[in-house]
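My notes follow in the order I looked things up.

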Amino acid sequence: MTTVAADDAKLAPAPEGAFTIAVIPDTQAYRGQKIKSDENGDEVVRNPIFQTITGWIVENREPQNIVFVSHVGDIVDKNVPEQWAEARQCMDPIHGVIPYGMTVGNHDMASSGDSSLFQKHFPASRFKDFEWYGGSFHPDRPDPAVSGNNANSYQKIRAENIDLLFLHLECNAPDDVLAWADEIMDSHPMHRVIVTTHMDLGPIARPKTNQGYISDPKGRMNWKKRHAKRGNTAVQMWEKCFKKHKNLLLICSGDQRRSQTMHVSARGDHGNVVHSCLSDYSSDGSVRLYRFLPQENRVDVITYNADQGDLTRTTTLVPDEQEHQFSFACSM
């Protein structure tokens, strides 16, 4: 892993032949009524940080050559209609402008996996007319509340003569969802695949104390939050699905604000290197930019705070700049 060179606090435009994937970390900084700290308040729900991030992405689409946007989940803090209505307004500036996909986090569903409110505000019908929208998983049962109607989706784009496929898989995706993901990746062998799923990297075992979320050993997580017995841990998702696919390049995740950022690489069954990257900056305005440079077979990973107008070089929890600004090799 190498550090990304930066000119002071400036974010340089993407060089010719490069393209950028923007990844939005957990957006839980809601204000007003129906938030955890003010459940009975009477102020209108809003999320200015979320609005700032999506606005910045649209404004910088051309200089950064942003070709796709992915949300890692925990779109809302509390799974209530008021927050979902605000989340949709926050994503509206991107809608119809830049292709995008969204991952259902643990805050975005009930413990059973019921994601009805996400499905109401971001249903498959919202995307079906876009050429880049591939489709979504349809559970083999009449009620789509669990796992259905765009809770698991895929998108396809072409950037700089490279075919890319994005899979957005809900938190702790069950076996039937993973079987569907297998089929999608197998049926697109010439596409480079990027997966976004909410839980991947963080404390390996479920912490027993608050301090454990910061100091316990970290890696691919072997615990879960949603779907009860049906749900798969990050380790199970890797073993059952991800490692089998030679066209998988990158796994993006959030969920762990006390880990904030991590980068782990592992070899799949075919010898291919799969990079896993966590970004969860506690809704401070940071957005993760994956700048692909095909001519150099490299991806520059840039963390930029859209609210402060500065690169995220260091945080209290993760003081090392190389954890926020780095590069990895990628054969394209």
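Helices (H or I, at least four residues) and strands (E, at least two) are DSSP runs, numbered from the N terminus.

The model is predicted, and local features need pLDDT of at least 70, side-chain atom pairs count only at pLDDT 80 or more, while totals for chains, interfaces and linings use all residues. Residues are numbered from 1 along each chain as its sequence is written, and side-chain values use heavy atoms, with hydrogens and water left out.

**Entry 1: helix α5**

I listed the buried residues of α5 and got Val-177, Leu-178, Trp-180, Ala-181, Asp-182, Ile-184 and Met-185. I then checked the length of α5, residues 175–186. The expected span is 1.5 Å times one less than the number of residues. For the 12 residues of α5 that gives 16 Å, and the end C-alpha atoms are 16 Å apart, which agrees.

I asked what covers the buried residues of α5. The cover, by contact (heavy atoms within 4.5 Å), includes β4 (133–136), β5 (153–159), β6 (162–169), β7 (192–197) and α7 (234–240).

**Entry 2: the whole protein**

I counted seven helices and 16 strands. The radius of gyration is 18 Å, close to the 20 Å that the globule rule gives for 332 residues, so the protein is as compact as a globular protein of that length. That radius is taken over C-alpha atoms, and the rule is 2.2 Å times the number of residues to the power 0.38. Along the principal axes, the C-alpha atoms fill a box of roughly 50 × 45 × 45 Å.

Buried residues make up 58% of the 332. I also looked at contacts between residues at least 6 apart in sequence: 71% of them join residues at least 24 apart.

Helix α1 (residues 48–59) has 12 residues and reaches 16 Å from first C-alpha to last, close to the 16 Å expected. Its buried residues are Ile-49, Phe-50, Ile-53, Thr-54, Trp-56 and Ile-57. Seen down the axis of α1, these fall within an arc of 155°, so they line one face of the helix. The arc is that of the directions from the helix axis to the C-beta atoms. Cover for the buried residues of α1 includes β1 (19–24), α2 (61–64), β2 (66–71), α3 (81–91), β13 (286–293) and β14 (298–305).

In α3 I found Gln-83, Trp-84, Glu-86, Ala-87, Cys-90 and Met-91 buried. Down the axis of α3, the buried residues fall within an arc of 160°, so they too line one face. They pack against β1, α1, β3 (100–102) and α4 (116–121).

**Entry 3: nonpolar cores**

I used this rule: a nonpolar core is a set of buried Ala, Val, Leu, Ile, Met, Phe, Trp, Tyr and Cys residues joined through side-chain atoms within 4.5 Å. Which of the 67 residues in the largest core touch the most other members? They are Ile-21, Trp-56, Ile-57, Val-69 and Tyr-290. Apart from this core lies another, of 21 residues, among them Val-177, Trp-180, Ile-251 and Val-274.

Leaving out residues up to four places away in sequence, Val-69 touches Ala-22, Ile-24, Ile-57, Ile-94, Ile-98, Pro-99, Tyr-100 and Gly-101.

Gln-64 lies in α2 and is buried, at 2% relative accessibility. Beyond four places in sequence, Gln-64 has contacts that include Leu-11, Phe-19, Trp-56 and Arg-291.

Asn-106 sits in the loop between β3 and α4. Asn-106 is buried at 6%. Not counting residues up to four places away, Asn-106 touches Asp-74, Cys-171, His-198, Lys-225, Arg-226 and Asp-255.

Thr-303, in β14, is buried at 1%. Among the residues Thr-303 touches are Tyr-281, Arg-288, Leu-311 and His-324.

**Entry 4: positive phi**

Asn-65 is not a glycine, yet has a positive phi of about 50°. Asn-65 is in the loop between α2 and β2 and is partly exposed at 26%.

Glu-160 also has a positive phi of about 50° without being a glycine. Its place is the loop between β5 and β6, and Glu-160 is partly exposed at 40%.

Conventions. Buried means under 20% relative accessible area, exposed over 50%, partly exposed in between (1.4 Å probe, protein chains only).
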